[in-house]
Amino acid sequence: MTNKEQVDQEMNLKDENINEETVENTSPEMEIEDEGPQTESEENKLEYEVADLKDKYLRLYSDFENYRKRTAKERLDLISTASEDVIRDLIPIVDDFERGLKASENEAEGAKVREGNLLIFQKLGKILGSKGLKPMDDLVGKPFDPETQEAITQIPAPSEELKGKVVDVIEKGYVLGDKVVRYAKVVTGA
């Protein structure tokens with residue numbers, strides 16, 4: 001063996017010894033200690049992710065519950081006022097009936113016609129009442145309410161008690177459920 005081969009062989013042995021020493025010095029306990037902080041941080045990350053996902057889930061669930069309640073309420077409102085347009089169109093017919101009945105009161109010959117008109121008017125009123133339509137009655141002498149009434153004009157009050165109150169009703173107002181379908185047109189006292 002030549003010197004060169006012998007030196008190469010010794011170098012290889014030294015490299016093997018160094019590799020064996022590093023393997024021996026690196027025990028499994030050291031690896032766990034080195035990975036300990038990493039696993040704790042991974043656990044913290046996972047716990048944070050779980051908490052974050054729970055929070056997102058709760059928020060999404062509460063948003064869905066609010067949406068469900070809101071749509072249920074809107075559905076009930078829609079059902080209660082679904083016939084509002086039809087009823088609004090029928091109100092002028094009711095007004096015409098009332099005017100016709102008042103005009104026919106003075107005529108003696110039209111007693112039978114007046115009775116027939118009155119029966120039709122009462123039947124129509126019952127049907128509309130069953131659908132939730134209610135007339136605003138007995139407004140004369142009560143304080144003016146801009147939420148349900150529309151003031152057409154203002155006249156000098158016939159008495160001190162009628163100042164700022166309704167003196168006369170020109171056109172009847174109607175309420176469907178809790179919603180005003182047509183505002184009452186009134187004359188107020190000044």
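The model is predicted, with local features needing pLDDT of at least 70 and side-chain atom pairs counting only at pLDDT 80 or more, while totals for chains, interfaces and linings use all residues. Residues are numbered from 1 along each chain as its sequence is written, and side-chain values use heavy atoms, leaving out hydrogens and water.

View A. Look for Glu-43 in helix H2, residues 28-80 (a DSSP run of H or I, at least four residues; strands are E, at least two). Glu-43 is partly exposed, at 47% relative accessible area (buried is under 20%, exposed over 50%, partly exposed in between, with a 1.4 Å probe and protein chains only).

**View B. A nonpolar patch.** Here Tyr-57, Leu-58 and Tyr-61 together show about 370 Å² of accessible area. Tyr-57 sits in helix H2 and is exposed, at 54%.

View C. Strands S4 (174-176) and S5 (179-182) pair antiparallel over three bridges (pairing takes at least two DSSP bridges). Val-175 faces Val-180 in S5. Two residues lie between the strands, and Gly-177 has a positive phi near 70 degrees.

**View D. Asp-138 in its loop.** Asp-138 isn't a glycine, yet its phi is positive, near 55 degrees. Find Asp-138 between strands S1 (133-135) and S2 (149-155), exposed at 62% relative accessible area.

Key:
Patch = residues over 30% accessible without salt bridge, like charges linked within 9 Å, V, L, I, M, F, W, Y side chains within 5 Å. Areas by Shrake-Rupley, 256 points an atom, 1.4 Å probe, with all protein chains shown as cover. Salt bridge = Lys/Arg side-chain N within 4 Å of Asp/Glu carboxyl O.
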